[in-house]
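Visitor: I would like to learn how to read helix packing and a few single residues in a model. Please take me through the features one at a time.

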Amino acid sequence: MNEPLTEKAIQQWLREEDPSRLDALWHWADQVRRENVGDAVHLRGLIEISNYCSRQCGYCGLRAANTDLERYRMSSEEILECAHEAARYRYGTVVMQAGEDYGIEAEWLAEIVFRIKMETPLAVTLSMGERPDNDLRRWREAGADRYLLRFETSDPELFAAIHPPHPARPAQNRLEILRTLRRLGYEVGSGVMIGIPGQSYESLAHDIATFRELGLDMVGVGPYISHPSTPLGEGAAIQPLEPGQQVPNTELMTYKVVALTRLVCPRANIPSTTALATLNLASGRELGLQRGANVIMPNMTPPKYRALYQIYPAKACIQETSQECRICLQGRIQSIGRTVGSGPGGRTKT
Ligand code: SAH
C-alpha cells in the first residue's frame with residue numbers, strides 16, 4: 001500500500017461500499033495522519049467578517065442576487081476583539097473569511113492583519129475570494145500567513161457553470177491564484193465541495209489527485225449542501241450525468257474524500273469541517289478526525305452575525321457563543337483520545 005494512489009484507484013475507493021474495506025481505508029488514513037502530523041488537533045478560530053458578496057456563485061447563499069439575506073460587515077474593533085478572544089482561548093490561528101466583498105478595502109484589512117500580528121501570537125489566515133494580486137501582496141506584507149481558496153471542482157466546464165465570472169473584473173483562474181499565493185510566500189489551502197450536481201466520480205478523483213499535484217499545505221473538503229435561494233438549490237439545469245456517475249453529497253462520501261485526501265497529502269492540515277458537522281451533529285466532527293483530519297475551526301463570529309453567514313442552510317453551531325464552541329470542541333477532541341494543539345500549527349516540513 002506504499003506506491004502513490006492512482007486516479008483510478010482513488011475512483012475505486014470513492015465507489016467502495018464494502019464496510020470492511022472501508023474500515024481498512026479509515027485505519028490507513030488514521031495511521032498516515034498519526035505518523036505525519038501527530039495526535040494534536042489544531043484549533044483555528046473562524047471569524048466570518050462580512051457576508052457581502054459581489055459574485056453569483058450558483059451554490060452559495062451569500063451570492064449577490066440573494067436579496068433575502070440581511071448583510072453585515074464587522075467593524076475593525078469587533079474583529080480585533082474576536083482575535084483577542086481567540087488568543088485568550090489559546091487558539092493558534094484566526095481565519096478571517098468573507099464573501100468576495102470589495103467593500104473590504106485592501107488597506108483596511110491590512111491594518112487589521114498588522115494589528116493582530118503585533119498584539120497577539122496568532123497565525124493569520126485569510127479567505128477573501130479571488131482578490132487582485134496587489135491585495136494579496138498587501139495582506140502578505142502586513143503579516144498574513146495563510147490563504148484559503150477552494151478550487152471547488154477541477155472540471156473547467158462544471159466550474160464555469162456554477163461560478164460565473166465577475167461582472168466587472170478581469171477573469172481570474174483559481175489555480176493561477178493559488179500559484180500566486182505560493183509565490184507571495186503564503187501557506188496555501190484549497191479544496192472542493194463533495195456532491196455538487198454535475199460532479200462525477202471521475203472528476204472528484206481528479207480533484208483529489210490535483211490536491212497532490214498542487215502540494216497544498218491545507219485542504220478543506222466538505223459536502224455540498226443545497227441552499228434554496230441559489231440557482232443550484234432551485235434545480236438549475238446542469239448537464240445531467242449518466243446513471244451511476246453523480247457523486248452523492250453524503251456523510252459517507254465526505255469521509256472517503258477526507259481519508260483519500262490524507263493519503264495523497266500526508267502532511268497537510270485537513271479540517272473536519274462545519275459542513276460535515278451539519279450532516280451529523282452528534283459525531284461528524286469526531287469521525288472526520290478519526291478518518292484523516294487534524295484541524296477544527298471553532299466559530300468565533302459574534303452570535304448576532306452568525307446566522308447571517310448562511311452559505312448553506314441549517315449550518316451547525318449557529319446559536320452557540322465562542323465560549324460554548326470552545327468547551328464543546330475541546331471535549332470532543334479529548335473524548336477520542338486526541339490532544340488540543342498548541343502554537344500556530346503551521347505547515348510541517350517533510
Ligand atoms: N468568498 C470566499 C469564501 C467562500 S465560503 C471564497 O469564495 O473563497 C467558503 C467555502 O464554502 C467555499 O469555498 C465553498 O466551497 C463552501 N460553500 C459555499 N456554498 C456551499 C454550499 N451550498 N454547501 C457546501 N459548501 C459551500
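Visitor: What covers the buried residues of H1?

Guide: A note before the answer: this is a predicted model. The cover over the buried residues of H1 includes helix H2 (19-37), helix H8 (201-214) and H9.

Visitor: Which residues of H1 are buried?

Guide: Ala9, Ile10, Trp13 and Leu14 are the buried residues of H1. The arc they cover around the axis is only 145°, which puts them on the same side of H1.

Visitor: Now the helix pairs. How do the axes of H1 and H9 cross?

Guide: Helix H1 (residues 7-15) and helix H9 (residues 251-264) have axes that come within 9 Å and cross at roughly 150°. That makes H1 roughly antiparallel to H9, since angles over 145 degrees count as such. The crossing of this pair, H1 and H9, is right-handed.

Visitor: Which residues make the contact?

Guide: From H1 come Ile10, Trp13, Leu14 and Arg15, and from H9 come Met253, Lys256, Val257, Leu260 and Val264. Sorted by class, the contact of H1 with H9 has 7 nonpolar residues, no polar ones and 2 charged ones.

Visitor: At what angle do the axes of H1 and H8 cross?

Guide: The axes of H1 and H8 cross at roughly 125° and come within 9 Å. H1 and H8 are therefore oblique to each other. H1 passes H8 in a right-handed crossing.

Visitor: Which residues of H1 and H8 meet there?

Guide: On the H1 side they are Glu7, Ile10, Gln11, Leu14 and Arg15. On the H8 side they are Tyr201, Glu202, Leu204, Ala205, His206, Ile208, Ala209 and Arg212. The contact of H1 with H8 has, by class, 7 nonpolar, 2 polar and 4 charged residues.

Visitor: And how do H8 and H9 pack?

Guide: H8 and H9 pack at an angle of about 35°, and their axes are 9 Å apart. The crossing of H8 past H9 is right-handed. In this contact H8 supplies Tyr201, Leu204, Ile208, Phe211 and Arg212, while H9 supplies Met253, Val257, Leu260, Thr261 and Val264. The residues of the contact of H8 with H9 divide into 8 nonpolar, 1 polar and 1 charged.

Visitor: Next, the loop between H1 and H2. Is Glu16 buried or exposed?

Guide: The general idea is to compare the relative accessible area with the cut-offs: buried means under 20%, exposed over 50%. Glu16, in the loop between H1 and H2, is buried, with a relative accessible area of 16%.

Visitor: Is Glu17 buried or exposed?

Guide: Glu17 is found in the loop between H1 and H2, and Glu17 is exposed, with a relative accessible area of 55%.

Visitor: Where is Arg306 found, and is Arg306 buried or exposed?

Guide: Arg306 is in helix H12 and is buried, with a relative accessible area of 0%. Leaving aside neighbours within four places in sequence, the contacts of Arg306 include Glu48, Asn299, Glu320 and Cys317.

Visitor: Finally, backbone angles. What is phi of Cys317?

Guide: Cys317 has a positive phi of about 65°, although Cys317 is not a glycine. Cys317 lies in the loop between helix H12 (303-306) and helix H13 (322-335).

Visitor: What is phi of Glu152?

Guide: Phi of Glu152 is near 70°, a positive value in a residue other than glycine. Glu152 sits in the loop between strand E4 (146-148) and helix H6 (156-162). At 8% relative accessibility, Glu152 counts as buried.

Conventions:
Residues numbered from 1 in each chain as written. Predicted model: local features only at pLDDT ≥ 70, side-chain atom pairs only at ≥ 80, totals over all residues. Heavy atoms only, no water. Axes fitted to C-alpha atoms, helices over the stretch in contact; angles between N-to-C directions. Helix = DSSP H or I, 4+ residues; strand = E, 2+ residues; numbered from the N terminus. Parallel < 35°, antiparallel > 145°, perpendicular 65-115°, else oblique. Left-handed = near helix turned anticlockwise from the far one by under 90°. Contact = heavy atoms within 4.5 Å. Nonpolar A, V, L, I, M, F, W, Y, C, P; charged D, E, K, R; others polar. Buried < 20%, exposed > 50% of the residue type's maximum accessible area, 1.4 Å probe, protein only. Arc of directions from axis to C-beta.
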